[in-house]
Amino acid sequence: TQEQRVQEQLVHADKMASLGQLTAGVAHEINNPTQFIRENIRIVREALADLMPILKAYHETHPDLRVARLPFPFFEEQVPLLAADIESGATRIRDIVASLKQYARSDEGKLDEDVDLRQTVATSLRLTHNQLKNTVEVVQEIDPALPHIRGNVQQIEQVLVNVLINACQAIQGVRAGGPGAAAPKGRIRIEGVYDVGRGRVRLAVADDGPGMRPDVVRRIFDPFFTTKQDAGGTGLGLSIVYGIIEKHGGDIEVDSEPGQGTEFTITLPVIGKEPHGEQHPAD
């Protein structure tokens with residue numbers, strides 16, 4: 001019901017506000033030691049590269065050479081890989097910290113720009129062109145007279161880019177062709193209409209991907225929840241999206257069922273309109 005949906009949104013908003021404060025502190029505490037690891041492991045790798053020829057030459061006359069209690073042939077093969085793994089892991093931590101900082105700062109940025117959603121959609125499609133071009137066909141059904149909203153252009157673009165990439169990745173998961181076969185393209189539909197009665201624009205992004213189970217749909221906007229752990233997902237992208245839309249006075253909902261695709265619907269207030277359609281003086 002609508003009342004239940006509003007209650008869920010309020011609970012979620014309160015949870016995100018608390019987590020925003022927590023993640024800001026966590027990101028700060030993790031960032032410094034992670035940077036220390038990344039800088040030092042580079043020096044270690046360079047040192048290994050310089051030392052390895054010397055150790056190899058010594059090993060030719062001392063075949064029983066052991067380094068760090070390891071036979072030299074094993075050391076030569078494995079230790080550089082371990083150092084590379086350490087650097088890769090530290091880089092991964094750095095990227096997570098960057099996402100945490102972005103999440104904690106999601107309430108920053110002025111909302112005083114005149115945002116043309118048709119232009120914002122076009123820009124977002126250009127930004128995601130390389131990800132989408134070989135995977136999906138994009139169909140736009142946007143009202144050419146769609147009213148503008150008041151907000152932050154960059155943040156609305158961030159929302160659309162995130163939703164589009166998620167849709168593309170979902171489609172990629174089920175569009176695998178056989179050896180030598182071209183994978184069939186999926187479809188993303190972007191619809192933009194004006195709800196005159198509510199004084200709001202509605203922007204929907206629908207895909208024909210695999211859809212989601214109800215338990216996933218319920219948690220899709222929760223911070224740190226992700227179904228893409230193996231691909232390096234942090235579970236913060238859609239949480240940031242949720243926060244941006246909420247800050248703009250809007251709503252975002254998801255409708256999805258297994259095998260039926262997924263649709264994200266965003267509603268945002270129009271410049272000069274209250275949520276119930278009552279006019280107020282524009283800034």
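Strand 7, residues 200-207, and strand 9, residues 262-269, form an antiparallel pair joined by eight bridges. Within this pair, Arg202 faces Thr267 of strand 9. The model described here is predicted. Both strands belong to an open sheet of five strands, ordered 4-6-7-9-8.

**The sheet**
- Strands of a sheet are held together by backbone hydrogen bonds, in either a parallel or an antiparallel arrangement.
- Pairing across this five-stranded sheet is mixed.
- The edges are formed by strand 4 (136-142) and strand 8 (251-256), each of which pairs on one side only.
- From one strand to the next, the twist averages 15 degrees.

**Helices against the strands**
- Helix 3, residues 117-127, lies across strand 4, strand 6 (186-195) and strand 7.
- The direction of helix 3 makes an angle of about 175 degrees with strand 4.
- Helix 5, residues 153-172, packs on the sheet and touches strand 4, strand 6, strand 7 and strand 9.
- Relative to the direction of strand 6, helix 5 runs at about 145 degrees.

**The chain as a whole**
- The chain contains seven helices and nine strands.
- Of its 283 residues, 38% are buried.
- Among contacts with a separation of 6 or more, 72% are between residues 24 or more positions apart.
- The accessible surface of the chain is about 16,400 Å², and carbon and sulfur atoms contribute 53% of that area.

Technical notes. Residues numbered from 1 in each chain as written. Predicted model: local features only at pLDDT ≥ 70, side-chain atom pairs only at ≥ 80, totals over all residues. Heavy atoms only, no water. Pairing = 2+ DSSP bridges. Helix = DSSP H or I, 4+ residues; strand = E, 2+ residues; numbered from the N terminus. Axes fitted to C-alpha atoms, helices over the stretch in contact; angles between N-to-C directions. Contact = heavy atoms within 4.5 Å. Buried < 20%, exposed > 50% of the residue type's maximum accessible area, 1.4 Å probe, protein only. Areas by Shrake-Rupley, 256 points an atom, 1.4 Å probe, with all protein chains shown as cover.
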